[in-house]
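This report goes through selected helix contacts and residue positions. Please keep the sequence and the structure at hand while reading.

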Amino acid sequence: MDEPFTGFGRRRGLLVRGASAAGLRTGRLVHGTGRRIRRATAAEGAGESGLAKLIELHALNSFGDMLITIALASTIFFSVPTGEARGRVALYLLITMAPFALLAPVIGPLLDRMPHGRRTAMAMSMLVRAVLAWTMAGTVADGGLALYPEALGVLVASKAYGVVRSVVVPRLLPQRLSLVKANSRVTLAGLLATGLAAGLGGLLHLIGPGWPLRGAFLVFVIGTLMAFHLPHEVDSAKGEQRAVLHADEECPALPDGITLLPEKATLRTVGPSVILALRAMATLRALVGFLVMFLAFLLREDPVGGLDPTVSLGIVALAAGTGNAFGSVLGSWLRTRGPEATVTVMLLLAALATGAAALWYGLPTVAVVAGAAGVAASLGKLALDALIQRDVPEAVRTSAFARSETLLQLAWVAGGAIGILLPLDGALGLSVAAGLVGLMLLWTVRALLRVGLRGPAAQPRVA
């Protein structure tokens, strides 16, 4: 009579021991993975300088932003018919992007006036998004108008973080690491975190539309605490000056030809190479915004290749993410080799890919243009950062980073608005995009011939 119970007890003991062993192996795997990630982020002096902490903070920031994006997309885009969804997104752009277009130029100058509070600014951007994510969790299900001003607050806080992060990276730069490689490492960490958040956000959405936002709340609360653990060098403004966007004064030239910005200076005084790259990068960022909005609706309304709309969108999103990651890795390898030529070649790549997609519209060419736009935008941004480091005096370099980042955000908004307004015709939309990118390519080539190619400076310029 006791034998069945003895057998059951033996089997239960085996199951318990098996589960314990599996848990132990999983714990070791997670611990080992975390240790390898920490070792990778801290390599080449990044751990000693504090850059590793910024990389981890940026990964957390990207994770939380992706959770919010999934929650909004499921409400505004996927939960309603295409026509109504397009109207909702247009309304979203009008209510959120239009005020942001007015607020964005203020973000850079405002942050410029508080150089000693950059850790606080990053923490506040996290805390604001935590509060708004928790509030939106209660309103996201019905998709009412109350959702839009909350989304605007999230957008402004996110872009403010982006501006401060661009300013902070040079302050935490190790001696053994170039700015381009540091930025590529930060960007790659954000992309990896975004991919992980997409999977987790999808699972949370299955529980309920508000759960991705509750997850984002937790992420941003942790981010708020992490921001205060950044090194004190982040808040240092030693030797910095402000660069403003309007000026009536000439800039004095230093003996070695370096231009020093006066108290009132225009962003053009950073030099023709930086302006060349900034125009090109604004075009690439606008192309990304256009493709996000245009292809999202186009592939949902008219999926190519006879595939399910979700599958088509997933393939294009995967191509764009892969392109972004490849651009970051390639930028780390290229370092600062010929940044003017790099940004021009990226424009050429985007123009060729967009033109090919317009001529031979189909899933392969659409995936190619998404991947090419990802590579071009990622590598072009790294080239712009390299030019700012090379040509802008240290006294105003952080200010130049802040203003360039704000301009690029506005370019994305403009591209997204064009993508919403155009008819949902693949060949027509991509032809318009190819034409605009082609015109900017011609302008950039003309400017490049006038500026000429220069190698990387032997060392960053200082005032």
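## Helices H5 and H6

H5 passes H6 in a left-handed crossing. The structure is a predicted model. H5 covers residues 118-137 and H6 covers residues 147-168; their axes come within 9 Å and cross at roughly 155°. Angles over 145 degrees count as roughly antiparallel, and H5 and H6 are therefore roughly antiparallel to each other.

On the H5 side, the residues that meet H6 include Arg-118, Ala-121, Met-122, Ser-125, Arg-129 and Met-136. On the H6 side, the residues in contact include Leu-147, Glu-150, Gly-153, Ser-158, Tyr-161, Arg-165 and Val-168. By class, the residues of the contact of H5 with H6 are 14 nonpolar, four polar and four charged.

## Asp-65 in H3

Asp-65 lies in helix H3, which spans residues 51-78. Is this residue, Asp-65, buried or exposed? Its relative accessibility is 17%. The cut-off for buried is under 20%, so Asp-65 counts as buried.

Leaving aside residues up to four places away in sequence, Asp-65 touches Arg-129, Ser-158 and Phe-220. The side chains of Asp-65 and Ser-158 are joined by a polar contact of 2.9 Å.

Pro-174 sits in the loop between H6 and helix H7, the latter running over 179-207. With a relative accessibility of 7%, Pro-174 counts as buried.

Pro-174 and Gly-47 are 127 residues apart along the chain. The C-alpha atoms of Pro-174 and Gly-47 are separated by 8.8 Å.

## Helices H9 and H14

Helix H9 (residues 272-301) packs with helix H14 (residues 426-451) at an angle of about 175°, and their axes are 10 Å apart. This angle makes H9 roughly antiparallel to H14. The contact of H9 with H14 has 16 nonpolar, five polar and one charged residues.

Among the H9 residues that meet H14 are Pro-272, Ser-273, Leu-276, Arg-279, Thr-283, Phe-290, Phe-294 and Leu-298. H14 contributes residues including Gly-426, Gly-429, Leu-430, Val-437, Met-440, Trp-443, Thr-444 and Val-451. Arg-279 belongs to the charged class, and Arg-279 is in the H9 part of this contact.

Key. Residues numbered from 1 in each chain as written. Predicted model: local features only at pLDDT ≥ 70, side-chain atom pairs only at ≥ 80, totals over all residues. Heavy atoms only, no water. Helix = DSSP H or I, 4+ residues; strand = E, 2+ residues; numbered from the N terminus. Buried < 20%, exposed > 50% of the residue type's maximum accessible area, 1.4 Å probe, protein only. Polar contact = N/O pair within 3.5 Å; in protein donor to acceptor, adjacent residues only side chain to side chain. Contact = heavy atoms within 4.5 Å. Axes fitted to C-alpha atoms, helices over the stretch in contact; angles between N-to-C directions. Parallel < 35°, antiparallel > 145°, perpendicular 65-115°, else oblique. Left-handed = near helix turned anticlockwise from the far one by under 90°.
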